[in-house]
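My entries follow in the order in which I looked things up.

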Amino acid sequence: MRVILLGTAAGGGFPQWNCACALCVSDAPPRTQDCVAVSADGEGWYLLNVSPDIRAQILATPPLRAGPGPREIPLRGVLLTDAELDHSLGLLLLREAGGLPVWAPDAVLGALSEQFPARAIIDGYGGWEWLPSSDVSIDGLRVSMLPVSDKRPKYARSSTEDGPWVVAYRIEDVQTGGVFVYAPCLKSWPDGFDDFTRDAGLVLLDGTFYAPDEMSGATAAEVGDGAQLAMGHLPITGSLAKLRPGPRWVYTHLNNTNPVIDPASPEHAAVLAGGASLPLDGTEFKL
């Protein structure tokens, strides 16, 4: 199984276009918005979330580019962890695909149909399927999910759909037995997560914030007090101590306020010392 990190930043990317904080004007390496590609054979690829940066991410990743025929593409489908715009807006940019299956929790499928009508827009281009992401078998990969949060996106606050609104995915290569877990949004360390990651070779974790008060002070004045807590992301300081030997632990979905973005920061060093890594866009893993 091949896993490529197409983007590793939270919504807005890094640097963020509307921000002139010390990090955003620094020389820290840029990152696009979180998205992952996975394949069992290196020929057919599935996207985990679809960021607004998906066009640039595809063009920067040779295995995902079109060919050898003029309209042949290696994309085979999409799995959404949630209905957040930074994880689903890229679907609109894939409208020329000729149709793809999209798996997501029922609440997410409902939100994309009724609250933010992405499904109606994309279906106009034909060939799309919208499927519940329970247990799925696709091209040599076995996929299961674990509900991890009840946080719904702002545009869906009026939705009457029951959760789960956010899930993690466990993907197993049925031939090699390699296991990869994708959990870019964790409100907490949920019940069952240790078992869910038990024999994983690679776990991508929510690294949105380093500390629980990261958006305090001047930043909070801009976005509102309590905004960080409302975003539903377990900070790295709340998860790093829970890591155990075995998997390769990787933090992704890094917010532009997160000091770990700076490779020279003590927070970045603390993550490495804790047994995890902070790879850049384009990093590939093989399981």
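Along the principal axes, the C-alpha atoms fill a box of roughly 50 × 40 × 40 Å.

I noted that this is a predicted model, in which local features need pLDDT of at least 70 and side-chain atom pairs count only at pLDDT 80 or more, while totals for chains, interfaces and linings use all residues. Residues are numbered from 1 along each chain as its sequence is written, and side-chain values use heavy atoms, with hydrogens and water left out.

I checked pLDDT (the predictor's confidence in each residue, from 0 to 100). The protein chain averages 93, and 96% of the residues score at least 70. Over residues 218–225 the pLDDT is below 50, and this stretch has 4 contacts beyond near neighbours in sequence; a contact means heavy atoms within 4.5 Å. Where pLDDT is low, the predicted coordinates should not be read in detail.

I then turned to burial: 52% of the 287 residues count as buried, that is, under 20% relative accessible area with a 1.4 Å probe, protein chains only.

I listed 10 helices and 14 strands in the protein chain; these are DSSP runs, helices (H or I) of at least four residues and strands (E) of at least two. Strand 7 pairs with strand 8 (residues 141–149) in the antiparallel sense over 3 bridges, and Val136 stands opposite Val143 in strand 8.

Key:
Pairing = 2+ DSSP bridges. Buried < 20%, exposed > 50% of the residue type's maximum accessible area, 1.4 Å probe, protein only.
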